[in-house]
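Subject: Structure handover

Hello,

Here is the structure for you to look over. My notes on what was found in it follow below.

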Amino acid sequence: GLGDVYKRQNVMVLDTAQDRYHLERIERRLGDQSVKLAFSSILETLRRQNRFELETSPNGAYSVLNLRYNDRRCYALRGTRGWIAWYFRKPAFEEEIVTRQSVLSTFVDSEPFKNDSAEEIWIKVRTPREATRVLDFIV
């Protein structure tokens, strides 16, 4: 299941009952099999890296998976019916992990939406291939 993400020797944990609840809640929102496979691919890759700390949290009617770097929420993702919304948050730009311009130019075909008031950009991830592209970009 999606909640079977553990931290052992630099592998991230998402194994509490709350984490499992939020991960399953994200997965239930995902529409077709391709988007579900993309989410599984994201979790599988994130569980093997040690750059980001992972946490789940509620966000109104949604659950969110956050990626923290230097104790700051740099990225987040949440499920929708047709895609995974992947957020590049202000701390990712401040920590100089990525630049706004590099996100906009790299993911031009992923319908980037620039939220100037929140100083974040989000993109649509629909397939495992798109998921790999985002992960290769940040990890």
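Helix 5 (residues 128–138) has Glu 130, Ala 131, Val 134, Leu 135 and Ile 138 buried. Buried means under 20% relative accessible area, exposed over 50%, and partly exposed in between (1.4 Å probe, protein chains only). Helices (H or I, at least four residues) and strands (E, at least two) are DSSP runs, numbered from the N terminus.

Seen down the axis of helix 5, the buried residues fall within an arc of 135°, so they line one face of the helix. The arc is taken over the directions from the helix axis to the C-beta atoms. As background, an α-helix has 3.6 residues a turn, so residues three or four places apart point the same way. The face turned away from the buried side of helix 5 carries the exposed residues Arg 129 and Asp 136.

What covers the buried residues of helix 5? The cover includes helix 2, strand 2 (62–69), strand 3 (72–79), strand 4 (84–88) and strand 6 (120–125). Contact here means heavy atoms within 4.5 Å.

Before going on, two notes on method. This is a predicted model: local features need pLDDT of at least 70, side-chain atom pairs count only at pLDDT 80 or more, and totals for chains, interfaces and linings use all residues. Residues are numbered from 1 along each chain as its sequence is written, and side-chain values use heavy atoms, with hydrogens and water left out.

**Residues to look at**

Arg 133 is also in helix 5. At 30% relative accessibility, Arg 133 counts as partly exposed. Not counting residues up to four places away in sequence, Arg 133 touches Thr 106, Phe 107, Asp 109 and Ser 110. The C-alpha atoms of Arg 133 and Thr 106 are separated by 9.3 Å, with the two residues 27 apart along the chain.

Val 125 lies in strand 6. Val 125 counts as buried, at 1% relative accessibility. Leaving aside neighbours within four places in sequence, its contacts include Glu 130, Ala 131 and Val 134. Val 35, Ala 38, Trp 83, Ile 84 and Trp 86 are also in contact with Val 125.

His 22 lies in helix 1. His 22 is buried too, at 4% relative accessibility. Beyond its neighbours within four places in sequence, His 22 is in contact with Thr 56, Ser 57, Pro 58 and Ser 63.

**Helix 1 against helix 2**

The axes of helix 1 (residues 17–29) and helix 2 (residues 33–48) come within 9 Å and cross at roughly 150°. That makes helix 1 roughly antiparallel to helix 2. Axes are lines fitted to C-alpha atoms, for helices over the stretch in contact, and angles run from 0 to 180 degrees between N-to-C directions. Angles over 145 degrees count as roughly antiparallel, under 35 as roughly parallel, 65 to 115 as roughly perpendicular and the rest as oblique.

Leu 23, Ile 26 and Glu 27 in helix 1 meet Lys 36, Phe 39 and Leu 43 in helix 2.

**Positive phi**

Asp 71 has a phi near 60°, a positive value in a residue other than glycine. Asp 71 sits in the loop between strand 2 and strand 3. Asp 71 is exposed, with a relative accessible area of 57%.

Glu 119 is not a glycine either, yet its phi is positive, about 55°. Its place is in the loop between strand 5 (113–115) and strand 6. Glu 119 counts as partly exposed, at 33% relative accessibility.

Best wishes
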